[in-house]
Amino acid sequence: MTAYAASGGSSRADRALALAKETFDIEAAAVLGLKDRVGESFAQTVERILAIQGRVVVMGMGKSGHVGRKIAATLASTGTPALFVHPAEASHGDLGMVTATDLVLMISNSGESQEMAAILPVLKRLGAPLVAMTSKSESMMARYADLWIDTGVSKEACPLNLAPTASTTAQLAMGDALAVALLDARGFRAEDFARSHPGGALGRKLLTHVSDVMRSGDAVPKVLPTATFSELMREMSAKGLGATAVVEVDGSVLGIFTDGDLRRMLEQGVDLRAKTARDLMHPHPYMINMDALAVDAADLMEAKRITSVLVVDAQGALCGALNSNDLMRAKVI
């Protein structure tokens with residue numbers, strides 16, 4: 001009984017792996033097939049979208065609807081205002097979301113969605129440009145549309161050739177192709193992407209400035225060049241940065257004294273008690289402007305192998321301080 005079960009399990013595993021590999025082959029072929037068929041209608045769709053004053057309204061039923069939601073989200077996050085409107089809900093009021101300044105992108109493998117058929121005449125009268133993404137140029141949706149984009153596939157990955165698999169993959173790939181073409185045409189940059197993803201890692205890196213995360217005011221350790229060694233150490237201990245700036249009365253930076261400097265001088269047997277901050281400081285410290293990106297401060301620390309950096313304003317006066325722990329708390333690194 002055990003041997004039979006093991007044999008059956010092995011057979012199922014082999015079958016599962018074979019189907020997985022076949023699915024990859026079929027869906028890869030479906031996507032590559034689009035490459036030979038994409039053409040003028042795709043380019044015209046890009047131009048139409050760039051010309052509209054409104055948004056791209058994506059519509060689709062069932063699995064095509066799920067794909068449509070993803071396409072709308074990708075467009076919106078890459079510089080093309082977009083939203084998804086469910087065709088069935090459109091018949092019950094949501095059609096009010098669509099205006100003549102929008103462009104409607106309709107997605108369906110067959111192009112014969114009954115829910116779309118119910119609202120197509122209204123959309124046509126509205127005057128918004130219609131683009132159909134279907135597998136058949138003679139389908140109802142393609143006939144109504146101003147432009148037709150071919151997303152047809154030779155077969156589904158489903159062994160029954162029924163469940164939308166390769167066809168939805170093709171739709172998704174075509175949507176990504178539209179988004180990429182549009183973001184390139186708009187001159188969309190990494191900084192623009194970050195603005196629509198402020199909570200993500202890229203957003204934090206490209207939107208967080210030194211001034212957002214630096215220590216400021218009384219939290220910045222600083223002493224005058226005439227400060228004694230005892231005063232220097234009290235300032236370092238009180239502020240907990242592991243360093244202190246040495247500044248003139250006007251705030252201009254003369255140098256820095258760090259925990260590392262202290263250890264090196266102790267090893268050398270330097271009599272610290274008779275020294276002033278000017279005697280002990282390391283001149284020409286690494287500094288960064290408060291308007292710089294926090295990620296630039298992280299890069300500076302890594303390149304120079306330091307854990308703290310002084311922050312200055314446009315006039316070069318000390319206005320803050322920053323260490324690697326501050327950057328870690330802000331999730332910049």
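## The loop residue Ala 163

Ala 163 is placed in the loop between strand S5 and helix H7; helices (H or I, at least four residues) and strands (E, at least two) are DSSP runs, numbered from the N terminus. This is a predicted model, in which local features need pLDDT of at least 70, side-chain atom pairs count only at pLDDT 80 or more, and totals for chains, interfaces and linings use all residues. Residues are numbered from 1 along each chain as its sequence is written, and side-chain values use heavy atoms, with hydrogens and water left out.

Ala 163 counts as partly exposed because its relative accessibility is 34%. The classes are buried for under 20% relative accessible area, exposed for over 50%, and partly exposed in between (1.4 Å probe, protein chains only). Apart from neighbours within four places in sequence, Ala 163 is in contact with Glu 156 and Cys 158, where contact means heavy atoms within 4.5 Å. Lys 63 is 100 residues away from Ala 163 along the chain, and the C-alpha atoms of the two residues are separated by 9.3 Å.

## The chain as a whole

The protein chain has 15 helices and 12 strands. Its radius of gyration is 31 Å, well over the 20 Å that the globule rule gives for 333 residues, so the chain is more spread out than a compact globule. The radius is taken over C-alpha atoms, and the globule rule is 2.2 Å times the number of residues to the power 0.38. Along the principal axes, the C-alpha atoms fill a box of roughly 90 × 70 × 35 Å.

Of the 333 residues in the protein chain, 42% are buried. Among contacts with a separation of 6 or more, 63% are between residues 24 or more positions apart.

The buried residues of H2 are Phe 42, Thr 45, Val 46 and Ile 49. These residues lie on the same side of H2 because they cover an arc of only 100° around the axis; the arc is that of the directions from the helix axis to the C-beta atoms. An α-helix has 3.6 residues a turn, so residues three or four places apart point the same way. On the other side of H2, Glu 40, Glu 47 and Ala 51 are exposed. The partners against which the buried residues of H2 pack are strands S1 (56-60), S3 (103-107), S4 (130-134) and S5 (147-150), together with helix H7 (166-185).

## The nonpolar cores

A nonpolar core is a set of buried Ala, Val, Leu, Ile, Met, Phe, Trp, Tyr and Cys residues joined through side-chain atoms within 4.5 Å. The largest such core has 24 residues, and the members that touch the most others are Val 56, Val 58 and Leu 105. At least two residues of this core come from each of H2, S1, helix H3 (62-77), S3, S4, S5 and H7. H7 supplies the largest share, 5 residues.

Beyond residues up to four places away in sequence, Val 58 touches Gly 68, Ala 72, Leu 83, Phe 84, Val 85, Leu 105 and Ile 107. A second, separate core of 19 residues includes Leu 83, Val 104, Ile 119 and Leu 120.

## Two aspartates

Asp 150 is placed in strand S5. This residue is buried because its relative accessible area is 18%. The side chain of Asp 150 makes a polar contact with the side chain of Arg 37 (2.7 Å). A polar contact is a pair of N or O atoms within 3.5 Å; within protein, one must be able to donate a hydrogen and the other to accept it, and residues adjacent in sequence count only if both atoms are side-chain atoms. A polar atom of the Asp 150 side chain also lies 2.9 Å from the backbone nitrogen of Gly 152.

Asp 212 is placed in helix H10 (residues 210-213). This residue counts as exposed because its relative accessibility is 52%. A polar atom of its side chain lies 2.8 Å from the backbone nitrogen of His 209.

## Positive phi in two loops

His 284 lies in the loop between strand S9 (282-283) and strand S10 (287-289). Its phi is near 55°, a positive value in a residue other than glycine. Arg 305, in the loop between helix H14 (294-304) and strand S11 (308-312), has a positive phi of about 55° although it is not a glycine.
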